[in-house]
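I opened this entry to keep a record of what I looked up, going from the whole chain down to single residues.

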Amino acid sequence: MALTAPTGYDPPVQNDSAGTRLTSDERERTLRLALLGDAASPHVQRLAAWFAARGCEVHVLTAAAAEIPGAQVHRYPTARFPLQVAAIANILRRIRPDVLHSHFVNLGGTRATATGYHPHVVSAWGSDLFVEAHLSARKRAQAAAVLRAADRVLPVGPALRDEAVRLGAPAERTEVVHWGVDTALFSPGDDAEFRRRHELGNGPVIYSPRALRPLYNQETLVRAWPEIRRRFPDAHLVLQDYLPEPAYRERLVGLLAELGEADSVRFLPPTDAAGLRDAYRAATVVVSIPDSDGTPNTVLEAMSCGCPIVACDVPSLRALVNDPANGRLVDPRNSAAVAEKILDLLTLDADTRRAMVEGNRARILAEADRERCLGRMLAIYRELAAQGPAGFKPVRSFRNALGA
């Protein structure tokens, strides 16, 4: 199943506020866009930078302190929900964006819905609908209110789209649009320098790019590691030291020492996109096994670099990983199964591995190239902006707006 809809939408010529005729390209350059979410998120930062680079006037509304090149960052207070909504509404009154795009449903989405500002686009990322919306009846009602009220709902994968519709998103206003991968950067290439720098030798490299937090089941991977090392004594495990939960990271370090595997594991320090690309290029297998997931950029980036994947067996990943054709799916809490699946990929014959590498790369080029994905997102913005002036619609109360 494809991750994105086809590009190529070209809206009709529009008028600016003075009545001057604008071509589509001119309208694209003058679009005023507000992104509401966590400005510390790499996804929000990438979106803001991409649209700013294409001439849009980009504003980011956030509670986090951050600087984003090309965008104006507006902070609202970390206060009670009604005060946050009032502050966000005041910012929107000042900047009057053509489109408000919130990330994700239970963060930016709830606050955007409560302001009553339209047109409003909301992106669903994964745990906001797969996990958070099912924690209580109140959470489910809030998610449903956001999805029903939005002018467009943009889940990042097919399984997430199905869940959004089940929760109340109108199917005709719901479309899968991922934020995509920079396929020029994330591409197959030489791994010698990365291996030398991190003293990985010439053996297999197993790389987990996910955060060091319980959700991502790094402990399952660590417990699987001795069996992999028994079969491949020259193998190394690389864990990304990303958003670590200190107590959990300490537990992993202690477990590795207990298993006698501390010397075979590397904790890769925080790095930029080029550093991540180098890690993917060095990886013999990439592992991503959280308890729940949307359509993770890490898996798409790894596939774009040609990596074979071991992923958690959840609906969103089944749309990407076709076991056994281009990777393996596994119970994320079963360390023996994780070891078995990794070993499956480490023992592929050369022709099968080559076909998997080339197939994963081709799939991302066809379905998840960033220019294609964000080009579609921009077309949606332009379509909504063409439908009429932006502004506030009456909202009786925060409680009624969110179904709480």
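**Whole chain**

I counted the secondary structure of the chain first, and it comes to 17 helices and 16 strands, where helices (H or I, at least four residues) and strands (E, at least two) are DSSP runs numbered from the N terminus. I note that this is a predicted model, in which local features need pLDDT of at least 70 and side-chain atom pairs count only at pLDDT 80 or more, while totals for chains, interfaces and linings use all residues. Residues are numbered from 1 along each chain as its sequence is written, and side-chain values use heavy atoms, with hydrogens and water left out.

I then looked up the overall dimensions: the C-alpha trace spans about 70 × 40 × 35 Å along its principal axes. The radius of gyration of the chain is 22 Å, which agrees with the value near 22 Å for a compact globule of 404 residues; this radius is taken over C-alpha atoms, and the globule rule is 2.2 Å times the number of residues to the power 0.38. Of the 404 residues, 56% are buried, meaning under 20% relative accessible area with a 1.4 Å probe and protein chains only.

**Strand S11**

S10 and S11 run parallel and are joined by four bridges, pairing being assigned if DSSP finds at least two bridges between two strands. Tyr 207 has Val 238 in S11 as its bridge partner.

**Ala 211**

I found Ala 211 in the loop between strand S10 (205-208) and helix H9 (218-231), and this residue counts as buried at 4% relative accessibility. Leaving out residues up to four places away in sequence, Ala 211 touches Tyr 216, Gln 218, Tyr 242 and Leu 243, a contact meaning heavy atoms within 4.5 Å. I also checked Ser 288, which is 77 residues from Ala 211 in sequence and 9.9 Å from Ala 211 in space, C-alpha to C-alpha.

**Arg 277**

Is Arg 277 buried or exposed? I find that Arg 277, in helix H11 (residues 273-282), is buried, with a relative accessible area of 17%. Arg 277 touches Leu 185, Phe 186, Ser 187 and Cys 305, again not counting residues up to four places away in sequence.

Key:
Buried means under 20% relative accessible area, exposed over 50%, partly exposed in between (1.4 Å probe, protein chains only).
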